[in-house]
Amino acid sequence: VPRFKNFHYDLEVGDAGSTAMTKDKGPHTWPELADFCEFASKHASMIVGGWGVKHQGIVITNSWVNKHGEGGWTNYHTHPGADLVMAAYIKADTVSGDLIIMDPLEYAWNAYPAADDGMGNRATKFAARTNTVYFFAPFLRHATEASKSKEDRWVLSMNFKAIMDYHN
């Protein structure tokens, strides 16, 4: 029973779907994606290391595929429990909608109306195009624009966790 009677929140909206609920069979477990997972893990490890986090490696904790048809999109969310997030656009044309990442200080900026940049919501858009891969911090609130394409947009996403060495 929902805590708020009229509360409703869909992560995938419109003509959209996700395999996110099939955690034990995520794409990172598929043999066909072993090379890509190695590529992604290597880059994730370099990024986390670049942040100054001393770690012994990276593991993919979850992965999923989203499909967005015309008008479909992913709602705003974050990835609690992850150390890094990746979105890889498998198929996305120029009108399939972009990735939107919010300024982590979006709420703090509300106190400074003179600093309004005209975007109102303090977002940065990143072009979602076929064969484009983005890595970003899991605490950044993000979403996708609604697709205007007649072709489906396909996105492979992964959460990464750093393996920490607390003895050194």
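This is a predicted model: local features need pLDDT of at least 70, side-chain atom pairs count only at pLDDT 80 or more; totals for chains, interfaces and linings use all residues.
Reader: What links Arg141 to Glu106?

Author: A salt bridge pairs a side-chain nitrogen of Lys or Arg with a carboxyl oxygen of Asp or Glu within 4 Å. Here the closest N and O atoms of Arg141 and Glu106 are 2.8 Å apart. Arg141 sits in the loop between strand S8 (132-136) and S9, while Glu106 is in the loop between strand S6 (99-102) and strand S7 (123-126), so their pairing ties together parts 35 residues apart in sequence.

Reader: How many salt bridges are there in the whole structure?

Author: A search finds eight. One of them joins Lys67 and Asp15, with 3.3 Å between the closest N and O atoms. Lys67 belongs to strand S3 and Asp15 to the loop between strand S1 (12-13) and strand S2 (16-18), so this bridge connects parts that are 52 residues apart in sequence. Lys67 is partly exposed at 22% relative accessibility, and Asp15 is partly exposed at 40%.

Reader: Where do the side chains of Glu151 and Lys91 come in?

Author: They meet in a salt bridge too, at 2.7 Å from N to O. Glu151 lies in the loop between S9 and S10 and Lys91 in strand S5, so the two tie together parts 60 residues apart in sequence.

Reader: What pattern does the protein follow along its sequence?

Author: Picture a list of elements in order: β-β-α-β-β-β-β-β-β-β-β. That gives one helix and 10 strands. Among contacts between residues at least 6 apart in sequence, 87% join residues at least 24 apart.

Reader: Which residues are closest to the centre of the largest pocket?

Author: The pocket holds about 460 Å³ of space. Of its 26 lining residues, Leu11, Trp64, Asn66, His77 and His79 are the closest to the centre. Strand S3 gives the largest share of the lining, four residues. By type, the lining divides into 12 nonpolar, 12 polar and two charged residues.

Definitions and conventions
Residues are numbered from 1 along each chain as its sequence is written. Side-chain values use heavy atoms; hydrogens and water are left out. On a 1 Å grid over the protein atoms alone, a cavity is a set of points where a 1.4 Å probe fits but cannot get out, and a pocket is an open set with protein on both sides within 12 Å along at least five of seven lines; lining residues have an atom within 4 Å of a point. Grid points are joined across faces, edges and corners, and a volume is the space filled by probe spheres set on the points. Ala, Val, Leu, Ile, Met, Phe, Trp, Tyr, Cys and Pro count as nonpolar, Asp, Glu, Lys and Arg as charged, and the others, Gly among them, as polar. Contact means heavy atoms within 4.5 Å. Buried means under 20% relative accessible area, exposed over 50%, partly exposed in between (1.4 Å probe, protein chains only).
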